[in-house]
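Here's a quick tour for someone meeting this structure for the first time. Have a look at it, then read on.

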Amino acid sequence: MELHNRTLGQWLEHWAETTPAKEYIVYSDRDLRFTWSEFNKRVDDMAKGMLAIGITHGTHVGVWATNVPDWLTFLYAGAKIGAVLVTINTNYKQSELEYLVENADIHTMCITDGVFDGSYVDMVYTMLPELKTSQRGYLKSKRFPRLRNVVYIGQEKYRGMYNTPEMLLLGQNIKDETLEAAKARVNCHDVVNMQYTSGTTGFPKGVMLTHYNIANNGFLTGEHMKFTADDKLCCCVPLFHCFGVVLASMNVLTHGCTQVMVEKFDPLLVLASIHKERCTAVYGVPTMFIAELNHPMFEMFDLTSLRTGIMAGSLCPVELMKTVDEKMHMRVTSVYGLTETSPGMTPVSYTHLTLPTNRE
């Protein structure tokens, strides 16, 4: 099968030109919708903002956030100008954060409020006490000399940090020609994403992944599952992991379909999003599918639009896959992979694991 040489930015621009009015990203719970054209425009505006604060080809940009609407904006904006997006586990604590920031040579850190048991804002201030007295863009940290900027993903303002509206405003000072020149320097074999291993046998290690690597892995995964531009994928797995950023986002990016996002996993929200948007696919780890199947309101939702999906991340019992097949009307694909291959090795569908049913 032929592989593609497009960068992530070129894939985005391809669909923005080919199907500009088609919905690309949807947050069904808040009725937030971006067409391919609208999202591509936002990405270009953010890319200019990144250039304005000193992010260039090869710069490492950390994103520490749940699946918020602008997570993918920062990924693709960085990709367009040759920056490397470093994904940060949303469950990291203080010591893990500080290890990664130093190990990954992060230049700009993009954060949200945090999760229920930890404030990212507080942890960043603990890591960077100088931030509260630093002018934005002029951070000088003794412990982290490479770190120059912190960006808050959202409207709120914090001392020493840019926020999303300010990034977009700064981008207005950058000429279109400057952005185009930055785009021209990027090729598909440049590193675009840095993912950290779990560190179960030692310290986590950063894996350098190229446009060519993750885009084609996403493409081939989608081909196995017979994805087309008519599909709608409900993505409730975290974007910081290869499950969300490659198997989900790159699959959608290379097939021109719609990505229905869930910011934080909630089985009720997943079921409601599938029902409302008529999703054709959903991903999850086994415990996510168990939570959905066992939700007391499960029978209230029409899931007959589903046809496929991925169950991965841990051992996938055949009986669970069979139950998902029967009650959620979908053929389950189980994927084994490694962060180092990002990932998608040996995709196996439920039909290959058990006796065939009568369904065609």
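Which residues in α2 meet which residues in α3? F39, N40, R42, V43, D44, M46, A47, M50 and L51 in α2 meet L72, T73, F74, Y76, A77, G78, K80 and I81 in α3, where contact means heavy atoms within 4.5 Å. Before going further, note that this is a predicted model, where local features need pLDDT of at least 70, side-chain atom pairs count only at pLDDT 80 or more, and totals for chains, interfaces and linings use all residues. Residues are numbered from 1 along each chain as its sequence is written, and side-chain values use heavy atoms, with hydrogens and water left out.

**Helices α2 and α3**
- Helices (H or I, at least four residues) and strands (E, at least two) are DSSP runs, numbered from the N terminus.
- The axes of α2 and α3 (residues 71–81) come within 8 Å of each other and cross at roughly 65°; axes are lines fitted to C-alpha atoms, for helices over the stretch in contact, with angles running from 0 to 180 degrees between N-to-C directions.
- That crossing of α2 and α3 is right-handed, meaning that the near helix is turned clockwise from the far one by less than a right angle.
- Since 11 of the 11 residues of α3 are buried, α3 is largely enclosed by the rest of the structure; buried means under 20% relative accessible area, with a 1.4 Å probe and protein chains only.
- Among the buried residues of α3 are W71, F74 and K80.
- Just after α3 comes G82, with a positive phi of about 90°.

**Aromatic pairs**
- Rings of Phe, Tyr and Trp (its six-membered ring) pair if their centres lie within 6.5 Å; planes under 30 degrees apart count as stacked, over 60 as edge-to-face and the rest as tilted.
- By that rule there are 8 aromatic pairs.
- One of them is W15 with W36, a tilted pair at 6.2 Å centre to centre and 40° between the planes.
- This pair links distant parts of the chain, 21 residues apart: W15 is in helix α1 (residues 8–18) and W36 in helix α2 (residues 36–52).
- W15 counts as buried at 12% relative accessibility, and W36 is buried too, at 0%.
- Y24 and W36 have ring centres 3.7 Å apart and planes at 15°, so they are stacked.
- Y24 lies in strand β1 (residues 23–27) and W36 in helix α2, so this pair ties together parts that are 12 residues apart in sequence.
- Y24 is buried as well, with 0% relative accessibility.
- Ring pairs join W15, Y24, F34, W36, F39 and Y76 into a cluster.

**Charges over rings**
- A charge sits over a ring if NZ of Lys or CZ of Arg is within 6 Å of the ring centre and within 35 degrees of the ring normal.
- R6 lies over the face of W11, 4.5 Å from the ring centre.
- R307 has its charged end over the ring of F227, 5.5 Å from the centre.

**Helix α11**
- P286, M288, F289, E292 and L293 are the buried residues of helix α11 (residues 286–293).
- They fall within an arc of 160° seen down the axis of α11, so they line one face of the helix; the arc is that of the directions from the helix axis to the C-beta atoms.
- These buried residues pack against α10 (267–277), β14 (281–284), β15 (308–311) and α12 (318–327).

**Residue L8**
- L8 lies in helix α1 and is buried, with a relative accessible area of 0%.
- Leaving aside neighbours within four places in sequence, the contacts of L8 include L75, Y76, H211 and M250.

Key:
Buried < 20%, exposed > 50% of the residue type's maximum accessible area, 1.4 Å probe, protein only.
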